Amino acid sequence: MITNSIGDAAEIRCAQWLGAGKPAAARLSAYKSLLFCMIVGIVASAGILASYKHLPTWLTSDVVLQQLIQDSIPLVALGNITLTFGSLAWTMVGSQGR
């Protein structure tokens, strides 16, 4: 949710710079937004990884399911980082009208 908000703000900012005829500033704004969004994604994934022992017990009481969830949490954390970057990158492409 935070990354979507960052993406919306970055889209408006990039489009504003492009509309003002400053493509270099738009590129810099897009890069800064991507960096900030990646930092947020990494922090969120670190939070997921920090609670990987407790998270399955919050979701189910079945021991087998808890183990399966615990085994897949590192993949979820990695997917969160890549999805964050990909989502914002696609938003930046859309802000350019392409």
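Mentor: Happy to! Let's start at Gly 41, which touches Asn 80, Ile 81 and Thr 84, leaving out residues up to four places away in sequence; touching, or contact, means heavy atoms within 4.5 Å. Gly 41 and Asn 80 lie 39 residues apart in sequence, yet their C-alpha atoms are 6.6 Å apart in space. Gly 41 is buried, with a relative accessible area of 1%. Here buried means under 20% relative accessible area, exposed means over 50%, and partly exposed is in between, using a 1.4 Å probe and protein chains only.

A word on the source: this is a predicted model, in which local features need pLDDT of at least 70 and side-chain atom pairs count only at pLDDT 80 or more, while totals for chains, interfaces and linings use all residues. Residues are numbered from 1 along each chain as its sequence is written, and side-chain values use heavy atoms, with hydrogens and water left out.

Helices are DSSP runs of H or I with at least four residues, strands are runs of E with at least two, and both are numbered from the N terminus. Together with Leu 35 and Val 43, Ile 39 makes a nonpolar surface patch of about 290 Å². The areas come from the Shrake-Rupley method with a 1.4 Å probe, and for residues only the protein chains shown count as cover.

Now for the inside. The largest nonpolar core has 9 residues: Ile 6, Ala 10, Cys 14, Ala 26, Ala 30, Leu 34, Cys 37, Leu 88 and Met 92. A core is a set of buried Ala, Val, Leu, Ile, Met, Phe, Trp, Tyr and Cys residues joined through side-chain atoms within 4.5 Å. Helices α1 (2-19), α2 (23-50) and α4 (63-95) each supply at least two residues of this core, and the largest share, 4 residues, comes from α2. Leaving aside neighbours within four places in sequence, Leu 88 is in contact with Ile 6, Gly 7, Ala 10, Ser 33, Leu 34 and Cys 37.

Stepping back, the protein chain has 4 helices and 0 strands.

Key. Patch = residues over 30% accessible without salt bridge, like charges linked within 9 Å, V, L, I, M, F, W, Y side chains within 5 Å. Salt bridge = Lys/Arg side-chain N within 4 Å of Asp/Glu carboxyl O.
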